[in-house]
Amino acid sequence: MKAICILLLLPLLAWAEPAAVIRATELKKDPATDAPTVAELPESTSVDALERRGGWTRVRAAGAEGWVKMLALRYGTPGRQGESGLAQIFNVARTGSSGAQVTTGVRGLDAESIAGAQPNPAELQKMQAYAATPDAAAAFAAQAKLQAVAVEEPQ
Amino acid sequence: MIRAAVLAAALVALPAHAQFNFDLNRAIESVRKLGRATTEIDEKQEIEIGRDMAARLLGAAPLVNDARLQRYVNNVGRWLASQTERPGLPWRFGVLDAPQVNAFAVPGGTIFVTRGLVQRMRSEAELAGVLAHEIGHVLKKHHLKAIQKGAQAELAGEALSMAMRDSNSEARAKLVRFGSEIYSRGLDKSDELEADRLGVVIGSRGGYDAYGLPAVLQMLQAMNAQDSAVALMFKTHPAPAERLDALTEKMQPTLDAYAAQPSVVERFRQALQPK
């Protein structure tokens, strides 16, 4: 169980994510369109993504650092072609010392487990108990200074 | 109108008096002969079918045993649901104890997100974006419509009517099974892209940084499609890059207008800390 947690946390610890800009993009000093331009990045320039703020991502590119429009980035997968480790864990867990398959409960949600699932009314009841009332949720939102705004659905 | 009246009368009569069975069958038969067997699912039935489907998903993976995390996700989700045109549904949110990266919408207002997905998020705005995407599926009844369509093909008018009426019937079990299969098969691509747009809209309405959902899609895009953690999610959704392109094309003004709203990073981190 511990091993799984550690494996799942790894991507969070990654500091720099390799990415590339999908179009010619200005590298900005600050996360704003009117900020000074540090460099012009041609299409497909490789960058390291460092952090996101709103619609901007801080990147390191060609020896410079600055902000690019977040949606101009696509993350590259070279070096990330492997497994996050789930399959290996399942294989070990399901084989066991006797060689017979054991149900471990960590298998989780794949097409097979959903197809073969039996209803679990006890968990359903538990979930009802965790429900939030509209008022409680509104107070919770206010704590984080979230304010409801009117936003139209695009046609 | 006459059809509705006959059916309504028969349905009301049924539970109390089994002898009306015959009348009900006759009523349904006559409706069927007219070729207008009703397949409309009303809100009460939507909620009932959804409960059955939710119970099945919980049979595949239970809730994460962390009351604080579950209440936290319910607060975020319920706040978002209050900003929609179906605020009165019995909205429920749950984190499933599964390492895979996925989220599910169940008709009637039940939303699941997996532990594997939540652990890869970095802020409450990202969680809100994903929950808002799933809320979008419920608002537009994407799964319900797929069930209706499939049920029409699989169950004859009489059996479908039975499935609606009797939660213990074999026909109902078949309907729920069919509904659950959608989670392995996926919805139409257009449904997913619509839910993405709604994910941005509803997240923004809740006061969150509008880029929450796109940030999650970028995280997914960086994962290997062959990774078993994302296999089912990738099989049942358009590729993340395509979803990001579609959002860029249709949602750029909305995204930019609400990009400066809070991301709520600290509270999210605290909620995810192990008990």
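**Exercise 1. Find what percentage of chain A is buried, then sketch its fold order.**

Start with the burial count: 25% of the 155 residues in chain A are buried, where buried takes 20 or more other C-beta atoms within 10 Å of a residue's own, exposed takes 12 or fewer, and partly exposed falls in between, with C-beta atoms placed from the backbone. Keep in mind that this is a predicted model, where local features need pLDDT of at least 70, side-chain atom pairs count only at pLDDT 80 or more, and totals for chains, interfaces and linings use all residues. Residues are numbered from 1 along each chain as its sequence is written, while chains are lettered from A and ligands numbered from 1 in the order in which they are written.

Next, the elements: chain A has five helices and seven strands. These are DSSP runs numbered from the N terminus, helices being H or I with at least four residues and strands E with at least two. Along the sequence they go α-β-β-β-β-β-β-β-α-α-α-α.

Last, the contacts, meaning pairs of residues whose C-beta atoms, placed from the backbone, lie within 7 Å. Of those in chain A with a separation of 6 or more, 46% join residues 24 or more positions apart.

**Exercise 2. Work out how many residues each chain puts into the contact between A and B.**

Chain A supplies 57 residues and chain B 70 residues. On chain A's side, the elements giving two or more residues include helix H1 (2-13), strand S7 (73-75) and helix H2 (86-95). That side splits into 35 nonpolar, 12 polar and 10 charged residues. Here Ala, Val, Leu, Ile, Met, Phe, Trp, Tyr, Cys and Pro are nonpolar, Asp, Glu, Lys and Arg are charged, and the others, Gly among them, are polar.

**Exercise 3. Identify the residues with the most contacts inside the largest nonpolar core.**

Such a core is a set of buried Ala, Val, Leu, Ile, Met, Phe, Trp, Tyr and Cys residues joined through C-beta atoms within 7 Å. The largest holds 106 residues, with B:Leu80, B:Val113, B:Leu131 and B:Ile135 having the most contacts inside it. Helix H6 (residues 124-139) of chain B gives the largest share, nine residues. Leaving out residues up to four places away in sequence, B:Leu80 touches, among others, B:Leu131, B:Ile135 and B:Ile202.

Key
Two residues are in contact if their C-beta atoms, placed from the backbone, lie within 7 Å.
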